[in-house]
Amino acid sequence: MPVKISTRNIVKNYGAVEALRGVSVDVHEGEIHAICGDNGAGKSTFIKILAGVEQPDQGEITINGEARRFDSPQASLQAGIATIHQDLAVAADMSIYQNIFMGAELTRRVLGLPLLDKARMRKDALGYMGQLNPSITDMNAKVTDLSGGQRQAVAICRALRWNADIVILDEPTAALGVRETEQVLGLVRSLKAAGKTVILISHAMQDVAAVADRISILRTGENQIDLEGGELTADNLSHYILSGEVNRIH
Ligand SMILES: Nc1ncnc2c1ncn2[C@@H]1O[C@H](COP(=O)(O)OP(=O)(O)OP(=O)(O)O)[C@@H](O)[C@H]1O
């Protein structure tokens, strides 16, 4: 598959702290690409740059081979990147469909006036959810009544609604139990099945090994190693992260 999104030598300093010292990652179209590394390795900073939350001091981002720069989260979204942050940004007291369409509500005209098209939003929301978790059928259910895994599904539906073709998930299984984690890994696989390119940030080696097609491990703001295929085992990941051993570098 061709490279969908690529970074070259991304550098980011916070004052004297060198958070990223030249990170280069190639994410291929339709793959699940995990970004791993110990605390402070630079994962969050890297994702914030792709999400348009932070701007790099140096380096290049390309999408489909075209150089891009994201001055805001909206710019990243417009370029087809939806980032699902750990807080999910869901409104607990609102319904599933209201969350999926938040900020981009569908309307219809009645006697020349725009009215919310709730029926259409519910129907479309059900369609998005059907691609991810068909067992969730009541689009009027309040998010507060959903489990952690189900909330994650709502946040991911919003990414589908935005038509993003690159979906970034930041620690989606953090704080989830075993069953919920399995559900969320299922969601990640469904995104891939829907043709999305997925970037997954995770500390959970087992989870990463279970779903990723390729993994880039960062260490103190630099690429440490990329793993793929048979190298993708939780043991291998832990080994590289704990030992700091450097192997194939870009
Ligand atoms: N806003 C900031 N101001 C100053 N230093 C920062 C800021 N954000 C991150 N850093 C520093 O940059 C480095 C990389 O941090 P980052 O949060 O990107 O790592 P991480 O791999 O996501 O770590 P964790 O797994 O603990 O979240 C760390 O040394 C961190 O202390």
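The protein has eight helices and 12 strands, where helices (H or I, at least four residues) and strands (E, at least two) are DSSP runs numbered from the N terminus. This is a predicted model, in which local features need pLDDT of at least 70 and side-chain atom pairs count only at pLDDT 80 or more, while totals for chains, interfaces and linings use all residues. Residues are numbered from 1 along each chain as its sequence is written.

**Confidence**
- The mean pLDDT of the protein is 91, and 98% of its residues reach 70 or more, pLDDT being the predictor's confidence in each residue on a scale from 0 to 100.
- For the complex, the predictor gives an ipTM of 0.95 and a pTM of 0.91.

**Overall dimensions and packing**
- Along the principal axes, the C-alpha atoms fill a box of roughly 65 × 40 × 35 Å.
- Of the 250 residues, 43% are buried, a class that requires 20 or more other C-beta atoms within 10 Å of the residue's own, with exposed meaning 12 or fewer, partly exposed in between, and C-beta atoms placed from the backbone.
- Among contacts between residues at least 6 apart in sequence, 67% join residues at least 24 apart, a contact being a pair of residues whose C-beta atoms, placed from the backbone, lie within 7 Å.

**Shell around the ligand**
- The residues around the ligand include Tyr 14, Val 17, Ala 19, Gly 37, Asn 39 and Lys 43, where a residue is near a molecule or strand if its C-beta atom, placed from the backbone, lies within 6 Å of it.
- The elements that give two or more residues to this shell are β2 (17-28) and α1 (43-50), and the largest share, three residues, comes from α1.
- By class, the shell divides into four nonpolar, six polar and one charged residue; Ala, Val, Leu, Ile, Met, Phe, Trp, Tyr, Cys and Pro count as nonpolar, Asp, Glu, Lys and Arg as charged, and the others, Gly among them, as polar.

**Domains and their interface**
- The assignment gives domain 1 (1-80 + 164-250) and domain 2 (90-163), with bounds that come from an automatic or database domain assignment.
- The centres of domain 1 and domain 2, taken over C-alpha atoms, are separated by 27 Å, and 13 residues of domain 1 are in contact with 12 residues of domain 2.
- On the side of domain 1 that touches domain 2, the largest share, six residues, comes from helix α6 (residues 178-193), and the residues of that side divide into 10 nonpolar, two polar and one charged.

**Two individual residues**
- Gly 80 is found in the loop between α2 (73-78) and β6 (81-84), and Gly 80 is partly exposed because 19 other C-beta atoms lie within 10 Å.
- Leaving aside neighbours within four places in sequence, Gly 80 is in contact with Ile 63, Ala 164, Asp 165 and Ile 166, whereas Gly 80 and Asn 133, 53 residues apart in sequence, are 23 Å apart in space, C-alpha to C-alpha.
- Ile 199 is found in strand β10 (residues 197-201), and Ile 199 is buried because 24 other C-beta atoms lie within 10 Å.
- Leaving aside neighbours within four places in sequence, Ile 199 is in contact with Val 27, His 33, Ile 35, Ile 166 and Ile 168.
- Ile 199 and Ala 79 are 120 residues apart in sequence and 15 Å apart in space, C-alpha to C-alpha.

Methods: Contact = placed C-beta atoms within 7 Å.
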